[in-house]
Amino acid sequence: MSSSSNDPQLQLIKTIVFLASLSPLYEIVWYTVTGRFGDYPAWEIIGLTGEASLVFLLLTLLVTPLRKIFGWNGLIKLRRMLGLFAFFYATLHFLVYIWREDNFIVHEFFLDMVKLPYITVGVLAWLMLIPVAVTANDPMMKKAGKNWKRIHSMIYAITFLSVLHYLLVRTWNPTDVLYYAAILLALLVYRFYHARTVKDWVF
Ligand code: HEM
């Protein structure tokens with residue numbers, strides 16, 4: 001099933017996905033306004049935005065397998081949006097942390113990075129997401145040329161680092177992390193299988 005960018009059905013789906021993607025943000029605003037957060041609202045926001053970012057990374061990776069399986073090419077138009085939401089929530093996550101923990105004092109933040117391996121891994125994932133987000137538009141796609149695919153394939157490594165970051169946060173109870181790790185593993189198996197059969201690495 002093919003679709004063009006001005007297909008009304010696709011536009012409607014894009015609008016619904018956009019509004020649904022804002023739900024972690026609605027939750028944060030609603031909990032803040034109604035005072036439903038506990039004693040440490042910033043930490044709850046860090047938890048919510050971290051999890052949201054990881055979910056959007058996995059959704060971004062899920063687009064190609066779903067497109068291939070169901071043959072709906074229009075799905076590709078959603079991938080960019082989902083990836084940008086992953087970056088948006090990761091940036092919010094990072095900003096709330098550096099504000100709450102380090103008061104935006106850069107050297108304090110560097111000390112955290114040295115002391116806490118989970119922060120080092122999280123920062124690495126976030127830094128790698130920057131070029132992906134910056135090139136997620138048509139002019140930059142043209143400018144990046146052949147490198148575009150390489151840059152965007154980093155999403156796999158970024159998601160791996162994000163799962164590792166989560167695992168380091170939750171060493172005492174990694175059950176939730178294992179679900180995310182299993183989804184990532186399934187996506188990687190699909191990608192390797194696909195690369196071997198059609199001699200093409202798909203993102
Ligand atoms: C792509 C980038 C990142 C992703 C996808 C990500 C994802 C996550 C996830 C899923 C969690 C667990 C949330 C939960 O407990 O429900 C988390 C926790 C956390 N992340 Fe990140 N993270 C990223 C980058 C960063 C960065 C750059 C920092 C800080 C500089 C950071 C700091 C934290 C902290 C402080 C926690 C909570 C630790 C705790 O609850 O004790 N993360 N992150």
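Mentor: The radius of gyration is taken over C-alpha atoms, and the globule rule is 2.2 Å times the number of residues to the power 0.38. For 203 residues a compact globule would therefore have a value near 17 Å, and the protein chain, at 18 Å, agrees with this. This is a predicted model, in which local features need pLDDT of at least 70 and side-chain atom pairs count only at pLDDT 80 or more, whereas totals for chains, interfaces and linings use all residues. Residues are numbered from 1 along each chain as its sequence is written.

The C-alpha atoms of the protein chain fill a box of roughly 50 × 35 × 35 Å along the principal axes, and the chain has nine helices and zero strands (DSSP runs of H or I, at least four residues, and of E, at least two, numbered from the N terminus).

The crossing of α3 and α8 is left-handed, the near helix being turned anticlockwise from the far one by less than a right angle. On the α3 side the contact (C-beta atoms, placed from the backbone, within 7 Å) is made by Leu54, Leu57, Leu58, Thr60 and Leu61, while α8 contributes Ile155, Tyr156, Ile158, Thr159, Ser162 and Tyr166. By class, eight residues of this contact between α3 and α8 are nonpolar, three are polar and none is charged (Ala, Val, Leu, Ile, Met, Phe, Trp, Tyr, Cys and Pro count as nonpolar, Asp, Glu, Lys and Arg as charged, and the others as polar).

Terms used. Contact = placed C-beta atoms within 7 Å.
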